[in-house]
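This briefing covers one structure, shown below.

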Amino acid sequence: MPTQSPTYFEHDADIGIIGRGATVEQAFEAAAQAVFGIVTKLDAVQPKTAVTIAFEEADVELAMVTWLNLLLGKSRELGMVFSRFRMQRNGARWNAEALGEKWRAGLERGVEVKGATLTMLSVKQTGAMWEARCIVDV
Amino acid sequence: MNLQQLHQLEPCLWTLPRATAEKRAEVLLYGTAPLLVSMDDKVLEQAANVAFLPGVVGASMTMPDAHWGYGFPIGGVAAFDAGQGGVISVGGVGFDISCGIRCLRSNLSLQDAAPRFNELADTLFHAIPAGVGEEGEIKVNLTQIDQILQEGANWAVKHGYGNTADLEYIEEHGRVADAVPDNVSELAKKRQRGEMGTLGSGNHYLEVQMVERIYDAAAALAFGLHEGQILISIHCGSRGLGHQIGTEYMLILAKAASRLGIRLPDRELACAPIKSPEGQQYIGAMNAAINCALANRQILTHLTRVACEKIFRDAEFETLFDVSHNTCKAETHEVDGKPRLLHVHRKGATRAFGPGHPALPERYRKVGQPVVIGGSMGTGSYILAGSSGNRAFASASHGAGRAMSRHQALARWKGRALVDELAQQGILIRTRSMRGVAEEAPGAYKDVDLVAEATEQAGLARRVAFLRPKVCVKG
């Protein structure tokens, strides 16, 4: 699980998301929480159903947008909203699980995220902390 | 934006001077000084980045409503020549491919409609699926989606959503050619199964409006507009299918650009030569998404009519026009006195063909194409007509353009309070997302009057009518 809460940064039309963690995987998990935190209030989402996400990408920055866009695609395909994420990396192979539930009346409707972009995309390690950020289109 | 770095060519046209060794196309910014001052410096940076792409013809341009986007600025226009190595860029189209506005004119007057606005607002809110996580009652299978991607609004009409008269007033008569459904992934198609006839979220809306002022009587007559008349505008795009195509091809074209040695000042400008296999693949998928968006707005038009007829039995809603503002289209434009086939990217910019253009419906040919500048919930919208002599590859503004970030808007406004405040002003909002309302607060946008005025002064399009919002179903 992420070690820090996801945060956001300014962009005129869309929203900048940041995920931080002790590992790159944790930073990606936090970035996913930042994305779905735009969509709804995460505390209210019950992690009842797990969905598997797996992909290959050697470029760690492209892996970040691939991860977020696969999550968004799956959530829309299945009519679900996710709130918890687990990820493992093995070289260029990324295996993950997203937990959440189908949309229901009690969940707050935030704003739809269309996709993660390559704009202001960076994934880097500073000291003991990894940080992943990019602009998402809303 | 700091105007010191620009050179003013005309009252509404500015350029970014090139350094001696700088090998890029010209950068032209349309707009008045106050509008440009209000823009983030990132707009200029992004417009300059576009000017470095291979095969740019003329200039990288921004419209008066420009604001900071991803890849291209929102309000960015650039044309590329395939024969000169010109590229197609995902960042020049955006993820919401063919997002646009369908405008319907009615035979209702404010006097007829005003007493029943509350009822109308509720009925439209229940009829139009809007907001994140909302699906419609219309479910389509993957075979039907392939048909939609080929046939566009024609598919919708064939299946009982609207009528053939609508098609005359949609760009390309509701169907773009050269769509390739096979270039669209299965995930993109699966995302769309429950999303036909849905509005979406963010800045998307369905708005009931009143014609408050006519600026150009001849054009208004051609467009069938008069003061006091009720109109409905529907703003949305290609939904999940378009978003998926955009995100997938962004990576495909980014890798193609890297392989082909195309230097990208911003990776989001992910592009490939128009003639390359990846470029052609994206164009086929993008055209499929355009058809999806045209079908979506056609279905929403039908749902709107059905809802309105429940309240106003004799109401008629005709399509005034349907125009997209996130596209790349192959068009012939005159450059240095010669016609050239160009791929014109319009990212948050509306096509604005001038009088006499052969692609226009006969009814509008003398006055020019209807152009819609959508406002925010509380201000207003404009209908304009394409001008003769437009030098921006027949492009114009598409909206008011954001003046502040969503985060800043959230800090300043509360959704519930805004809804109440707008109700006091006679504007009824219906929404499932109070967060969305706060982010889309009218005050978070530029002054739409200034944008429309600058659009006219710059010679991009002429103001025809101002529309005052009355009911808004917010996505």
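Two strands are said to pair if DSSP finds at least two bridges between them. In this predicted model, strand E5 of chain A holds A:Asn95, the bridge partner of A:Ala54.

**Confidence**
- The model has an ipTM of 0.89 and a pTM of 0.96.
- For chain B the average pLDDT is 96, and 100% of its residues score at least 70.

**The sheet in chain A**
- Three strands of chain A form an open sheet in the order E3-E5-E4, and their pairing is antiparallel.
- Strands E3 (49-56) and E4 (80-90) of chain A are at the edges with a single partner strand each, so one side of each has no neighbour in the sheet.
- On average, neighbouring strands of this sheet are turned by 20° against each other, with direction ignored.
- The antiparallel pairing of E3(A) with E5(A), residues 93-102, runs over 8 bridges.
- Helix H2 of chain A, residues 60-78, lies across E3, E4 and E5 of chain A and runs at about 140° to E3(A).

**Contact between chains A and B**
- On chain B, 41 residues are in contact with 30 residues of chain A.
- Four helices of chain B each supply at least two residues of the side that touches chain A: H8 (186-191), H10 (239-259), H12 (406-412) and H14 (434-439).
- H10(B) gives the most to that side, with 8 residues.
- By residue class, the side of chain B that touches chain A has 18 polar, 13 charged and 10 nonpolar residues.

Note on methods: Residues numbered from 1 in each chain as written. Chains lettered and ligands numbered in written order. Predicted model: local features only at pLDDT ≥ 70, side-chain atom pairs only at ≥ 80, totals over all residues. Contact = placed C-beta atoms within 7 Å. Nonpolar A, V, L, I, M, F, W, Y, C, P; charged D, E, K, R; others polar. pLDDT = per-residue confidence, 0-100. Axes fitted to C-alpha atoms, helices over the stretch in contact; angles between N-to-C directions.
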